[in-house]
Amino acid sequence: FQYSICSEPLIELSNPGASGSLFFVTSGDEFIIKTVQHKEAEFLQKLLPGYYMNLNQNPRTLLPKFYGLYCVQSGGINIRIVVMNNVLPRALKMHFTYDLKGSTYKRRASRKEREKSNPTFKDLDFLQDRHEGLYFDSETHSALMKTLQRDCRVLESFKIMDYSLLLGIHILNSNMKEKEGESSQSASDTKRPGGQKVLYSTAMESIQGPGKSGDSVTTETTNTMGGIPAKSHKGEKLLLFMGIIDILQSYRLMKKLEHSWKALVYDGDTVSVHRPSFYADRFLKFMSTRVFKKVQGKK
């Protein structure tokens, strides 16, 4: 990963969140570099021994994989950066991107975010745009939900909450139309990123292990990039890319206070900041009942 970071200039990404972090992706498309606050870097260092042991025991996970934590001094200011796996490959167009928490309080993309060329939508947007959910075959649905359940219990054991599922949706049906427009650019696009190479780095590998590429919904000419095959309620063939992000939030005093005052004004069960056990249960319920669904016999 060090060669990937240093060999070519990094590409800056926009940040749809409220954290103020800066995001960069390596030219090879495999790694994300993110600036983090001092307390987040401190929490990651305390978390690492148990987190590393868990990832060794359960390589099939949608949790972020940390490759490095650095502190860079610039103008007398300490800038802390963390290197992680990249969840959304740039080589495939993400027609829709969602940041999902299972919360409905103020969980709608802002007007400013919607005006971007590639906006990141939120929970209320998903419920409005895709209220029927996303459909999987039985085996894939089972593997995905088991992975999410295991990951949430790990985060709960570390008293972590306020994390999100970053979900990218690529519509395969529109692939051929896009290819016509892209073919003229292919000659000059020689540095376009290819497939990810890090073990267990793709979405499909994360839930089912190596060798599962989701070819059942694709054609021979389509590179799935390790996406998880799914369908919309309209029958559109999709490739999904996902990962759990923003896990460096520990449920300590400030978060407890934040939830307490919000709960006085709003419905406490709808706000995003919550105790870890409730947060995990609500997150899983939202994913299993509103987002990810199993294909029935008629589908």
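# Values against definitions

The accessible surface of the protein chain comes to about 15500 Å², and 52% of that belongs to carbon and sulfur atoms. Areas follow the Shrake-Rupley method with a 1.4 Å probe, and for residues only the protein chains shown count as cover. This is a predicted model: local features need pLDDT of at least 70, side-chain atom pairs count only at pLDDT 80 or more, and totals for chains, interfaces and linings use all residues. Residues are numbered from 1 along each chain as its sequence is written, and side-chain values use heavy atoms, with hydrogens and water left out.

User: How many helices and strands does the protein chain have?

Analyst: Nine helices and twelve strands. They are DSSP runs numbered from the N terminus: helices are H or I with at least four residues, strands are E with at least two.

User: Why is threonine 147 called buried?

Analyst: Buried means under 20% relative accessible area, exposed over 50%, and partly exposed in between. Threonine 147 has 1% relative accessibility, so it counts as buried. This residue is in helix 5. Leaving aside neighbours within four places in sequence, threonine 147 is in contact with Arg60, Thr61, Leu62, Ser206 and Ile207. Contact means heavy atoms within 4.5 Å.

User: What makes arginine 150 partly exposed?

Analyst: Its relative accessible area is 30%, so the partly exposed class applies. Arginine 150 also lies in helix 5. Beyond neighbours within four places in sequence, its contacts are Asn58 and Arg60. Arginine 150 and arginine 60 are 90 residues apart in sequence, and their C-alpha atoms are 9.7 Å apart in space.

User: Why is the pair of phenylalanine 31 and tyrosine 67 edge-to-face?

Analyst: The structure holds seven aromatic pairs. In this one, the centres are 5.0 Å apart and the planes are at 85 degrees. Rings of Phe, Tyr and Trp (its six-membered ring) pair if their centres lie within 6.5 Å; planes under 30 degrees apart count as stacked, over 60 as edge-to-face and the rest as tilted. Phenylalanine 31 lies in strand 3 (residues 31-36) and tyrosine 67 in strand 4, so the pair ties together parts 36 residues apart in sequence. Phenylalanine 31, at 4% relative accessibility, counts as buried. Tyrosine 67 is partly exposed at 25%.

User: What makes tyrosine 98 and phenylalanine 126 an edge-to-face pair?

Analyst: The rings are 5.1 Å centre to centre, with 80 degrees between the planes. Tyrosine 98 is in strand 6 and phenylalanine 126 in helix 4, 28 residues apart. Both residues are buried. Ring pairs link Tyr98, Phe121 and Phe126 into a cluster.

User: What makes the nonpolar surface patch?

Analyst: Tyr70, Val72, Ile77 and Ile79 make a patch of about 330 Å². Strand 4 (66-74) and strand 5 (77-85) each give two or more residues to this patch. Patch residues have over 30% relative accessible area and no salt bridge; like charges are joined within 9 Å, nonpolar side chains (Val, Leu, Ile, Met, Phe, Trp, Tyr) within 5 Å. A salt bridge is a side-chain nitrogen of Lys or Arg within 4 Å of a carboxyl oxygen of Asp or Glu. Tyrosine 70 has 34% relative accessibility and counts as partly exposed.

User: How do you know that the span of helix 9 is close to the expected one?

Analyst: Helix 9 (residues 276-291) has 16 residues and reaches 21 Å from first C-alpha to last, close to the expected 22 Å. The expected span is 1.5 Å times one less than the number of residues.

Definitions and conventions: Buried < 20%, exposed > 50% of the residue type's maximum accessible area, 1.4 Å probe, protein only.
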